[in-house]
Amino acid sequence: MSLNSNIPEGPLHEKWDRHKFKLKLVNPANKRKYTVLVVGSGLAGASASASLAELGYNVKTFCMQDSPRRAHSIAAQGGINAAKNYQNDGDSVQRLFYDTIKGGDFRAREANVYRLAQISSNIIDQCVAQGVPFAREYGGLLANRSFGGAQVSRTFYARGQTGQQLLLGAYGALSRQIAAKKVTMFTRRDMLELVLVDGKAKGIITRNLITGEIEKHVGDAVVLATGGYGNVFFLSTNAMACNVSAAMRAYKKGAFFANPCYTQIHPTCIPVHGDYQSKLTLMSESLRNDGRVWVPKNPGDKRKPNEIPDQDRFYFLEEKYPSFGNLVPRDVASRNAKEQCDAGRGVGETGYAVYLDFKEAIARDGEDVIKRKYGNLFAMYEKITADNPYKTPMMIYPASHYAMGGLWVDYNLMSNVPGLFVLGEANFSDHGANRLGASALMQGLADGYFIIPYTIGGYLAGEGSSTVSVTDSAFGEAAAQVEQTMDTLLSIKGKRTCDDIHRELGKILWDYCGMARNDEGLEKAKHLVNDLRKEFWTNVTVPGSKSELNQSLEKAGRVAEFLDFADLLLEDASSRKESCGSHLNEAYQTEENEARRDDENFTYVAAWGYAGKEKKAQLNKEPLVFENVTLSQRSYK
Amino acid sequence: MSWLVKTLSTSVGKKLVMAVTGLFFCCFLVVHLLGNLTLYKGMETFNGYVDHLHALGPLIRVAEVLMLVFALVHVTTGLMLTYQNYMSRPVKYQMNKSGGGRTLGSATMPYTGIVLIFFVIAHLLGFHFADHETQTVYDIVSHAFSDPVVVGYYVVAMLVVAVHVSHGFWSAFQSLGVNHEKYNPAIKALALVFSLVVGAGFGLIPVYMSLFI
Amino acid sequence: MTKTINLTLKVWRQKNSQAKGNLETYSAKNISTDMSFLEMMDVVNETLILEGKDPITFDHDCREGICGMCGAVVNGRAHGPEKGTTLCQLHMRHFSDGDVVVVEPFRSRAFKVLKDLMVDRSGLDQIIQAGGYVSVNTGGAQDANAIPVPQKIADKAMDAAECIGCGACVASCPNASAMLFVGAKVSQLALLPQGKPEAKERVVSMISKMDELGFGNCSNERECEAECPKNISIENIARLNREFIKAGVK
């Protein structure tokens, strides 16, 4: 099947303007005749819901938590990028575009990334107008910091809680539309099925998590803003309920899943410390601005960190990458930490941790300055580990954090299923094979505030308002399917819990499809996942019934989809016979252990199509064309 | 007027009413205490002060009516708030501990308040509505405080007043929106001093009278 | 270093919002002191599921203290005994072997118990819907640096904005009042120039919604401030009062 990315003609910097002009408009008075279903209330979902409602569309918004404000965007710490060049340090749209393309190891679309960089400035304006309390300088102007592999200071932040503040801004805008009755908010709902009528997305099936009731919702378009699949690794920095179910339902209904093997492993997380552990906590990578990463030079050195003199320390990032030092992109930092630990230099109880040391920064700037910058992060670290990072170095280790892959979308953010739009982390569009720090918030809000309001109009204007209703047979069939899956899960009554199986799945993927991959391991993992899926469907136990509040049943449904998704992840990883960004196949490395791309054969987006149960997914390729940048080997030396 | 009623009938409005009337009574306590201090100078000074007050004539009546109205407002609003607050948590905790915010004064506000209603009524009956034809106010005071039971009762009542204002004084400022990092320590210190002065100032009078007169 | 402890839990169990609930006793064995409180609950639940019993329902999500989803009253304290800590960030090293731990849901007339420890806090959303935002549509905002905001003001606004909406203030208030929650939002927006144009309508509308929902009245007991996992100051309640007076007088 051919994929049309609908990238507009013309020079890069004019594409978006030209496209906006070309898009059809919906007459203001007609907008109220359209209903848009938005699934998810994070940055992308909340901003899209609010913006569409402001335009006059009827919006129904769904979230699984008790309030739209709880979406996991809230946990983003470090900041949001924008090409404002307020610091007069040479930033520009072109530079943000180039950094993002390069950071993504040349596996993203030029046109999408350029548009993102163009829009970035509007986002900051919008958020400030909403009352987001960004950090400011003494003079009252906005403060910036340099972040995650950027050599300019373009990151706006609100202490270590930027995601929270941006989400609360979007949540405020959403709340305003709920009060105005333009948005109907459905909280504590799981989306369990996508409904297609004549091949177009026309509705969803949800479960009311309190009553267990199965609900049918009809709309003229469906917008998925359901986040990423990082929890497939079980241990990740994602929230406990983050899941891939909505995306997988769409995939099984024909939407393509793009680049699932691009999973970002974040370098600065609190290390694993026990079997019971439920999640890994991220320590913002802004810490790398002042912290120095090191391990003992001699493997097995068991001295306390403060007793190890400088000549016995190996500041591996600074030594290997003199110009970027501790600020190399996430994938590079993560892989190097793993490399050191694999070589036996790791620290901590498990040997899978490296030090992040603030001693020098505290000596240079004083404890007050460091406290002002990172106080809340240090406090959080101390709460979790009972170690005081002002006195002893932090221990960090990489953890699954973000999914660059996601449902395939075109330039309009519409998937190959007409009427199904995908925003934010749930789509694959802008980060290529690796996302730069402080770019996720930028993308989520760009999609929701400034892209979907235009592009959805283009689709709806061409489509006309729908005559579909919930009595349509497609809804009945979808609901019956959902009920049947739940009945099956409840009837197994085996001997293992969902968490137990999920944990095992996570371990398989982390070991064989984590920071470094090889063909042999991937094949092994495919078998293991297959066996585990059988184990799940024959030996899982789910207590309770489907017609009540049942958290175990919710979990079971999610684990079932993660198991299916794992196949896709492994398939994509093994078919990409190159290394790029976060995807490192050990067979394809440079002499310096960097990812070695194969631009001749793999400069494409891998968009996987569902072929049926237990059938191998079908690969569709969207070639990536680079007209404005020259593909180069990334080097952060 | 409707905006005023509307404003004052909200939860925050009711707290404003409590704050304003409460602070009014704090002022009253100061004036009352200053007057009472003349007792230490003996009968003549005290009766002279009483005569001065009575000479104010209608002004005193106005003040009394005002106080009565404020008292009714303070008490009814307080009871209303207490009732609403009680109803706001129909199922109580099986185990409940303070996180460190509450003080003796704040936790007992409604109870000390109710005790004070009865005290004020008894106090008015014993002093204000006593027979003023055949005896001077000083006579009434010295007679009353010759009984150790009355002295004990007054001392306890004054402790209750001190506890009540220890929270009420600071709380009134908070309710009126006066809380500023610069001035807050001063307000809190003043509240402590105020409750000590009121408690000790009023409480020592009966003791002094019973021991030395 | 890691050690393990055994605890006795007394947990509030309630089948649904209509049912009558009661405390049930469970034992939590071999709990690593490095676990968080919720991880300890996970362990208890895993055991219950394997025994074919109904696991304890509780709200939780991010498990890093920011989403505001978790919360329970542990031994009489909202989010447990540690100051400035959400339940998910409370670690078992703060408990001793043999402790009896009583776990109850956040209680308020406005927070209906849905099941076990899970409560309905949608009232807090309704209060925000009543005006806890700046009424600006997407697009058309002026340049972000057009209005300078003094750093001190921005910092104060941020102090207030840190609220995670968990409802611990309501749960710990002797009167189940939501004033700290409302005060934090009103303060954030009243401090910033962007929030000033509708400051008056905002405070009046949010307070009347709060009253309507059956939250109690503030009596300045400061329990909310003491239990707030984000250490939000009651200075924000004073500012709310001030804003309310301003709105009434003007």
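## Domains and chain contacts, worked through

The C-alpha centres of domain 1 and domain 2 of chain A lie 29 Å apart. Keep in mind that this is a predicted model.

**Exercise 1.** Work out which residues of chain A make up its two domains, and how many residues each one puts into the contact between them.

*Solution.* Start with the bounds: the domain assignment gives 265-401 as domain 1 of chain A and 481-602 as domain 2 of chain A. Next, count residues whose C-beta atoms, placed from the backbone, come within 7 Å of one another across the two domains. That picks out seven residues from domain 1 of chain A and seven residues from domain 2 of chain A. Now see where the domain 1 side comes from: helix 8 of chain A (residues 330-342) has the largest share, five residues. Finally, sort that side of domain 1 of chain A by class, and you get two nonpolar, one polar and four charged residues.

**Exercise 2.** Find which element of chain C gives the most to the side that touches chain A.

*Solution.* First get the totals: 63 residues of chain C and 65 residues of chain A take part in the contact. Then list the elements of chain C that each bring at least two residues to that side: helix 1 (37-50), strand 6 (112-115), helix 2 (122-129), helix 3 (151-161) and helix 5 (179-191). Helix 1 of chain C gives the most, with six residues. By class, the chain C side facing chain A divides into 26 nonpolar, 22 polar and 15 charged residues.

**Exercise 3.** Now turn to chain B: which helix of chain C has the largest share of the side that touches chain B?

*Solution.* Here 38 residues of chain C meet 34 residues of chain B. The elements of chain C supplying at least two residues each are strand 5 (100-104), helix 6 (199-212), helix 7 (223-227) and helix 8 (235-249). Helix 8 of chain C takes the largest share, eight residues. Sorting this side of chain C gives 12 nonpolar, 13 polar and 13 charged residues.

How values were computed
Residues numbered from 1 in each chain as written. Chains lettered and ligands numbered in written order. Predicted model: local features only at pLDDT ≥ 70, side-chain atom pairs only at ≥ 80, totals over all residues. Domains from an automatic or database assignment. Helix = DSSP H or I, 4+ residues; strand = E, 2+ residues; numbered from the N terminus. Nonpolar A, V, L, I, M, F, W, Y, C, P; charged D, E, K, R; others polar.
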